[in-house]
Amino acid sequence: MNTRNNNNKLKKGCLGCLGSLVLFFLFVFFTAAGHVNYGQSSLTTPVMIGAVVLALIYFILKGISKNYQSDTLAEKNSRQQVLNTISEKYNEQIKALKEEFDKETDGFISESKNTIGQKYDRKFQELETDYRIECRQSISQLKSDNQGAARLEKIWKTGMGIGLAVVFSVICYIFGLSLEPEPKLSPLMEKAEQRTWNAEQIPMPHLEDATKYVSNPDSILSEAVVDSMDNVLYRLDTELGIESAVVIVGHIEGDDPIPMVRGIYNKYGIGRDNRGLVIVVGYLDHSYFIAPGRNLEADLTDTETDMLAREYLIPSMKAEKPDSGMLYLVRGTFALMAQKDMPRMSSLTSNTKSKEDEGVSFGWGLALVVILLSGWGLAFYRKFKEMGWTDYGASHLAKNPFYIYRPIETSDGGSSSSGRSSSSSHSSGGSYGGGSWGGGGSGGRW
């Protein structure tokens, strides 16, 4: 009857451990799904839940142990007696081996003594192997004679494995949140990754259609946004007399927008009466330059072009929303030159976390995992030490007195050299007014 009650309690305890593990995995799954769908998740949350689950597993195991207290105590005492008996037997043999060695080497020179010592070292190793085998066999016999204690040991080792699985899940989850994969590029953006542009290559839609001012050869902007920008720039041209050319590409040749700005002015002469405006953006280079014509610099100063970029372009590009950034940039430019109220952008949410935030969050989460794993390991080590499950008699065997005669193994270290290899990585057409650039404007990176 007592055995049946113990078995029932054991089943309930095991089910409790498995239930805790299942609940934790479900928590990780739904939290990860929420992160994917809504982009919100805390690195510390799974660590805290994991700690609760580990504590629950540990106390369930402690409760199960009470049912086997008498069995485990008896098995522990028997094990200690058996290991002591075996140790005494082999320690006597080691003592006799040492006395035999001392007699054989009495009066020998050091070289001969070393040779003899190596022979006795091998004999000690053979004794040590026999000792460990006998210890394991004796302990196995004790476990077969005391099924309750053996079952409890298996339960604790299983619980330790479940706890390690929980900690491993937390680590994987933290890595999954902190080290997000790079977003996959669209086919158009993949093409943009493979080519660079300069002033000679860039297409100028204004030459084909007098109402077009935006060059978007890599299709970074949507067609609807390009049409809206063209409408604003057409008003900028016809109402305010500022002729413009806006260029947005993936990569600029040389990773520098200034030569492209200069080349566009020199080749096409943007702006009547030198009142032109050229805006060049390298989206994948994270660079830009806003360059007013020679006679427009007094009305559109370097400070104002910098303000436009910081107000509209840079925040949008950091949030990976080029449509918003370019559209509001030209709207803001028109409002500024027309002396109207500047447009206000809606709040932007960045698609990517800053490297600093990622580093702090990941470091904090990893520190909590280390604390969690250390606490779990320490709790189990103390329990295993208390029950003697980590002690198979090795600590009871005398030390090897012949170890000093063991030859020192040497190995020739090979040298390797590595070299660096470098690799080299429709309406009728219009015309421009013959303007030039005086070198003013502002640019930078985001």
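**Contacts, sheet and helix packing in a predicted model**

Reader: Which residues is Asp-121 in contact with, leaving aside its neighbours within four places in sequence?
Author: The model is predicted. Asp-121 is part of helix α4, residues 110-145. Leaving aside neighbours within four places in sequence, the residues in contact with Asp-121 are Asn-400, Phe-402, Tyr-403 and Arg-406.

Reader: Is Asp-121 buried or exposed?
Author: The cut-off for a buried residue is under 20% relative accessible area. Asp-121 has 3% relative accessibility, so it counts as buried.

Reader: In what order do the strands of the open sheet run?
Author: Strands of a sheet pair through backbone hydrogen bonds, either parallel or antiparallel. Here the pairing is mixed, and the open sheet has 5 strands. At its edges, β1 (214-215) and β5 each pair on one side only. The order is β1-β2-β3-β4-β5.

Reader: Which residue of β4 is the bridge partner of Val-278?
Author: Strand β3 (residues 276-282) pairs with β4 in the antiparallel sense, over 6 bridges. The two strands form a hairpin with 4 residues between them, and His-286 in the turn has a positive phi of about 60°. The partner of Val-278 in β4 is Ala-291.

Reader: Which residue in β5 stands opposite Ile-290?
Author: β4 also pairs with strand β5 (residues 442-445), in the antiparallel sense and over 4 bridges. Phe-289 has Gly-443 as its bridge partner in β5. Opposite Ile-290 stands Ser-442.

Reader: How many residues of strand β4 are buried?
Author: Both faces of β4 are covered, with Ser-287, Phe-289 and Ala-291 buried on one side and Tyr-288, Ile-290 and Pro-292 buried on the other. The strand, residues 287-292, is therefore largely enclosed by the rest of the structure. The count of buried residues is 6 of the 6.

Reader: At what angle to β4 does α9 run?
Author: Helix α8 (residues 257-268) lies across β2 (243-249), β3 and β4, and runs at about 145° to β3. α9 lies across β2, β3, β4 and β5. Its angle to β4 is about 150°.

Reader: Are α9 and α10 roughly parallel or roughly antiparallel to each other?
Author: Two packed helices are described by the angle between their axes and the distance between the axes. For helix α9 (residues 302-318) and helix α10 (residues 322-337), the axes come within 7 Å and cross at roughly 160°. Angles over 145 degrees count as roughly antiparallel. The two helices are therefore roughly antiparallel.

Reader: How many nonpolar residues are in the contact of α9 with α10?
Author: α9 passes α10 in a right-handed crossing. The α9 side includes Met-307, Leu-308, Tyr-312 and Leu-313, and among the α10 residues they meet are Met-326, Tyr-328, Leu-329 and Leu-336. By class, the contact has 5 polar residues and 1 charged, and the nonpolar residues number 11.

Reader: Are α7 and α10 roughly parallel or roughly antiparallel to each other?
Author: Helix α7 (residues 223-240) packs with α10 at an angle of about 15°, and the axes are 10 Å apart. Angles under 35 degrees count as roughly parallel. α7 and α10 are therefore roughly parallel.

Reader: How many charged residues are in the contact of α7 with α10?
Author: α7 passes α10 in a left-handed crossing. Residues of α7 in the contact include Arg-235 and Glu-239, and those of α10 include Asp-323 and Arg-331. The contact has 11 nonpolar residues and 1 polar, and the charged residues number 4.

Methods: Residues are numbered from 1 along each chain as its sequence is written. This is a predicted model: local features need pLDDT of at least 70, side-chain atom pairs count only at pLDDT 80 or more; totals for chains, interfaces and linings use all residues. Side-chain values use heavy atoms; hydrogens and water are left out. Buried means under 20% relative accessible area, exposed over 50%, partly exposed in between (1.4 Å probe, protein chains only). Two strands pair if DSSP finds at least two bridges between them. Axes are lines fitted to C-alpha atoms, for helices over the stretch in contact, and angles run from 0 to 180 degrees between N-to-C directions. Angles under 35 degrees count as roughly parallel, over 145 as roughly antiparallel, 65 to 115 as roughly perpendicular and the rest as oblique. A crossing is left-handed if the near helix is turned anticlockwise from the far one by less than a right angle, and right-handed if clockwise. Contact means heavy atoms within 4.5 Å. Ala, Val, Leu, Ile, Met, Phe, Trp, Tyr, Cys and Pro count as nonpolar, Asp, Glu, Lys and Arg as charged, and the others, Gly among them, as polar.
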